[in-house]
Amino acid sequence: MSSLWTVKEVADFLNVRPLRVYELVYDRQIPFMKIGLRQLRFDPAAIRQWLDARTTQAQISEER
């Protein structure tokens, strides 16, 4: 497995603020892992897959 991303790394990848990543985690809209009580980590492959799925859905909605 590749190294896991932090909240900041996911935010940089998605070009959003870290607060937005925390909001997505709170709403359980983004795949994440909890390390201990407070640390969040993200699998880069899962984040890319999640983003691809959201992009595909948006394109389908626009075509209808």
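These notebook entries record what I looked up in one predicted model.

**Entry 1. Ground rules**

I worked on a predicted model, in which local features need pLDDT of at least 70 and side-chain atom pairs count only at pLDDT 80 or more, while totals for chains, interfaces and linings use all residues. Residues are numbered from 1 along each chain as its sequence is written, and side-chain values use heavy atoms, with hydrogens and water left out.

**Entry 2. Overall layout**

I began with the secondary structure and found three helices and two strands in the chain. Helices (H or I, at least four residues) and strands (E, at least two) are DSSP runs, numbered from the N terminus. Along the sequence their order is α-α-β-β-α.

I then looked up the surface.

Of the 64 residues, 22% count as buried. In these notes, buried means under 20% relative accessible area, exposed over 50%, and partly exposed in between (1.4 Å probe, protein chains only).

I also looked up contacts, meaning heavy atoms within 4.5 Å. Among those between residues at least 6 apart in sequence, 45% join residues at least 24 apart.

**Entry 3. The nonpolar core**

Which residues of the largest nonpolar core touch the most other members? I found Val 10, Val 21, Ile 30 and Phe 42, in a core of 13 residues. Helices H1, H2 and H3 (44-63) each supply at least two residues of this core. H1 gives the most, with four residues. A nonpolar core is a set of buried Ala, Val, Leu, Ile, Met, Phe, Trp, Tyr and Cys residues joined through side-chain atoms within 4.5 Å. In soluble globular proteins, nonpolar side chains tend to be buried together.

I listed the contacts of Phe 42, leaving aside its neighbours within four places in sequence. Among them are Leu 4, Trp 5, Val 10, Val 21, Ile 30, Phe 32 and Ile 47.

I next asked which residues of H1 are buried. They are Val 7, Val 10, Ala 11 and Leu 14. Seen down the axis of H1, these buried residues fall within an arc of 100 degrees, so they line one face of the helix. The arc is that of the directions from the helix axis to the C-beta atoms. On the other side of H1, Lys 8 and Asp 12 are exposed.

**Entry 4. Salt bridges**

How many salt bridges does the structure hold? I found two, a salt bridge being a side-chain nitrogen of Lys or Arg within 4 Å of a carboxyl oxygen of Asp or Glu.

One joins Lys 8 and Asp 12, whose closest N and O atoms are 3.0 Å apart. These two residues lie four residues apart in helix H1 (residues 7-14), so about one helical turn separates them.

The other joins Glu 23 and Arg 20, at 3.3 Å from N to O. Glu 23 is partly exposed at 36% relative accessibility, and Arg 20 is partly exposed at 34%.

**Entry 5. The aromatic pair**

My search of the whole structure gave one aromatic pair. A pair of aromatic rings is described by the distance of the centres and the angle of the planes. The rings of Trp 5 and Phe 13 have centres 5.0 Å apart and planes at 50 degrees, so the pair is tilted. Rings of Phe, Tyr and Trp (its six-membered ring) pair if their centres lie within 6.5 Å; planes under 30 degrees apart count as stacked, over 60 as edge-to-face and the rest as tilted. Trp 5 is buried, with 14% relative accessibility, whereas Phe 13 is partly exposed at 34%.

**Entry 6. Positive phi values**

I noted Asn 15, a residue other than glycine with a positive phi near 60 degrees. Asn 15 lies in the loop between H1 and H2 and is exposed, with a relative accessible area of 70%.

I noted Arg 28 as well, where phi is positive and near 55 degrees. Arg 28 sits in the loop between H2 and strand E1 (33-35), and is exposed at 65% relative accessibility.

**Entry 7. A last distance**

Finally, I looked up Ala 46, which is found in helix H3 and is partly exposed at 22% relative accessible area. The C-alpha atoms of Ala 46 and Phe 32 are separated by 8.5 Å, and the two lie 14 residues apart along the chain.
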